[in-house]
Amino acid sequence: MLKAENLFVTFHPGTPIENPVLRGLSLTIPTGQFVSVIGSNGAGKSTFLNAIAGDIMLDRGTVSIDGEDVTHQPAHRRAARVARVFQDPMAGTCEALTIEENMALALSRGQPRDLRFALNDERRDLFREKLAILGLGLESRLTDRIGLLSGGQRQAVSLLMAALQPSRILLLDEHTAALDPKTAAFVLELTARIVQENHLTAMMVTHSMRQALDYGTRTVMLHRGQVVLDVQGEERDQMDVPDLLHMFERTRNETLDEDALLLG
Amino acid sequence: MTLYAFMGAMEIGLIFGLVALGVLISFRVLNFPDLTVDGSFPLGGAVAATFIAHGSNPFLATAAAFLAGGVAGFITGWFNVRLKIMDLLAGILLMTALYSINLRIMGKPNMPLITEPTVFTLALPPILLDSPSGLGKPLLLAAIVLVIKLLLDAFFATRIGLAMRATGANPRMARAQGVATGWLIMAGLALSNALVALAGALFAQSQGGADISMGIGTIVIGLAAVIIGENLLPSRRLIVTTLAVILGAVLYRFFITLALSFDALGLQSQDLNFVTAALVSIVLVLPLIKRRLLPKKASGG
């Protein structure tokens, strides 16, 4: 279970460009739930994810995972519980390392790193088996540099890497935004499958209202650093993109003018 | 070049192969431009020479130099990681402080080792040591450098070694995979400077003493070796690059020896640092010249 309470984050405090990004955001996600997060630019979606992962430290508020307060833990210590896939395919993998080396790094997430060899036959077999699931033929390219892969292939491998070690929370930060529509659909299907098979608690930030409603079991909308909308169950099942927009307008009593959101 | 001069170049080249390995770890693996080496090279020489002059076993003295270099590198990393001092500046601060520390260690600007035992006199049989060809020292050094290269290759294939490579290549991803990047930067710089100090210790023992100014230009020579090596044997595999930079260091030394031995050029030994800087500049602009002179190849899909 993930519990974020009253989160406050301000960028550049005390300067003319002071920017309060999170303003008292609270959200509780029970174990096994797959939440999609939407919101316009600057709503605080990525900052929220970064705050949960530990990349950004909070000004105020607490984050706890399965009852343990992780507010003051740096990102690398939270990594045992939190797995991530980044928006930029370059960000989630090490370009200069091979596919098998990247996967070996991920296989040691949350484990002590010692002087045992990072790769052995047993591990390579595991990587081949996992890569074969993708159906991209990557299982025969273990020693290729990951920089040689396309963006979609890299995101697919990133997803596999996130699921190599058990984690409590999977954070997906617009992980299909940089991909073409067909590849994005493939990666989204893969995401849904991995989340389901591993019974993960997941949070997926997306720009697209369509995606937000199609994937996951609950949808949350952020606006100006707060949760303004939270739907699940039957109410959500019957919703379509226009309904979501109307609900947003009613709640905030203002009109959205984000083309990106409308068209998504 | 006489055989003796050839062996001399080989000897110094191999010692700087260790410096090149150290620079490879900081500049390439960790992506950390570390200038501490100009201080940790003479630190290694000073510690080893002082220990030996006070009657210590040369192997123990060399090990102490290795450790001292490790501490220096660790402090540079600590300045950067914990105190948030810019990487270049952290190295310069340590380099500057080490100048005084090295003087303190030796108690004087130089510490000669003429009659004292060294790792060379202890490890080499007399027939090799006194061989007029000067074959003994390069042979022993080649063995030392090779063993260290293989140990480094093995280290970078371990889980912690792989985490160190990820720290330099993509720190954000490394942290997301649970890598304590701060610690690995400190550990990597410690390893890098320990190797450089080991080179300093061997240099002092092979050249008859340590001198306070022996470190000037170490970083440039180390970088020269790395750059020459990378151009010589371009590869993305670290196991090849570790070999390449050692070859680069040896080759660099041959260039220098050749340049200085051409009477026609009128160069003398005090021109060494100028020649070094000129050589590195040339190697650095070579890719640019190549691109300008050669017609562009059609790029395949």
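In this predicted model, chain A has a mean pLDDT of 90, and 95% of its residues reach 70 or more; pLDDT is the predictor's confidence in each residue, on a scale from 0 to 100. Chain B averages 92, with 98% of the residues scoring at least 70. The model as such scores ipTM 0.88 and pTM 0.90. Among the elements of chain A, the lowest mean pLDDT, 49, belongs to helix α10 (residues 259–263) of chain A, and the highest, 96, to helix α3 (residues 99–107) of chain A. Helices (H or I, at least four residues) and strands (E, at least two) are DSSP runs, numbered from the N terminus.

Two conventions come before the details. Residues are numbered from 1 along each chain as its sequence is written, and chains are lettered from A and ligands numbered from 1 in the order in which they are written. Because the model is predicted, local features need pLDDT of at least 70 and side-chain atom pairs count only at pLDDT 80 or more, while totals for chains, interfaces and linings use all residues; side-chain values use heavy atoms, with hydrogens and water left out.

Start with the sheets of chain A. One is an open sheet of four strands in the order β2-β1-β4-β5 (chain A), and the pairing is antiparallel. Two strands pair if DSSP finds at least two bridges between them. At the edges stand β2 (19–29) and β5 (68–69) of chain A; each has a single partner strand, so one side of each is left without a neighbour in the sheet. Helix α1 (residues 45–53) of chain A packs on this sheet, touching β1 (2–11), β2 and β4 of chain A, and its direction makes about 65° with that of β2(A). Contact means heavy atoms within 4.5 Å. Axes are lines fitted to C-alpha atoms, for helices over the stretch in contact, and angles run from 0 to 180 degrees between N-to-C directions. Strand β4 (residues 60–65) of chain A is joined to β5(A) by two bridges, and the two run antiparallel. In this pair, A:S64 stands opposite A:D69 in β5(A).

The other open sheet has six strands in the order β6-β7-β8-β3-β9-β10 (chain A), with mixed pairing. Its edges are β6 (82–85) and β10 of chain A, each with a single partner strand, so one side of each is left without a neighbour in the sheet. From one strand to the next, the twist averages 20°. Strand β6(A) runs parallel to strand β7 (residues 169–173) of chain A, and four bridges join them; A:V85 has A:L172 in β7(A) as its bridge partner. Helix α6 (residues 181–197) of chain A packs on the sheet, where it touches β3, β7 and β8 of chain A, and its direction makes about 140° with that of β3(A). Helix α1(A) lies across β3 (34–38), β6, β7, β8 (201–205) and β9 of chain A, running at about 150° to β7(A).

At one end of the strand order, β9(A) and β10(A) pair in the antiparallel sense over six bridges, with A:R218 opposite A:Q232 in β10(A). Their hairpin has two residues between the strands, and there A:R224 takes a positive phi near 45°. A:R224 is partly exposed, with a relative accessible area of 47%. Buried means under 20% relative accessible area, exposed over 50%, and partly exposed in between (1.4 Å probe, protein chains only).

B:N31 is not a glycine, yet has a positive phi of about 60°. B:N31 lies in the loop between α1 (3–29) and α2 (37–53) of chain B, and is exposed, with a relative accessible area of 55%.

Aromatic rings come next. Rings of Phe, Tyr and Trp (its six-membered ring) pair if their centres lie within 6.5 Å; planes under 30 degrees apart count as stacked, over 60 as edge-to-face and the rest as tilted. The count is seven aromatic pairs over all chains. B:F74 and B:W183 form a tilted pair, 6.1 Å centre to centre with 45° between the planes. B:F74 lies in helix α3 of chain B and B:W183 in helix α10 (residues 181–206) of chain B, so the pair ties together parts that are 109 residues apart in sequence.
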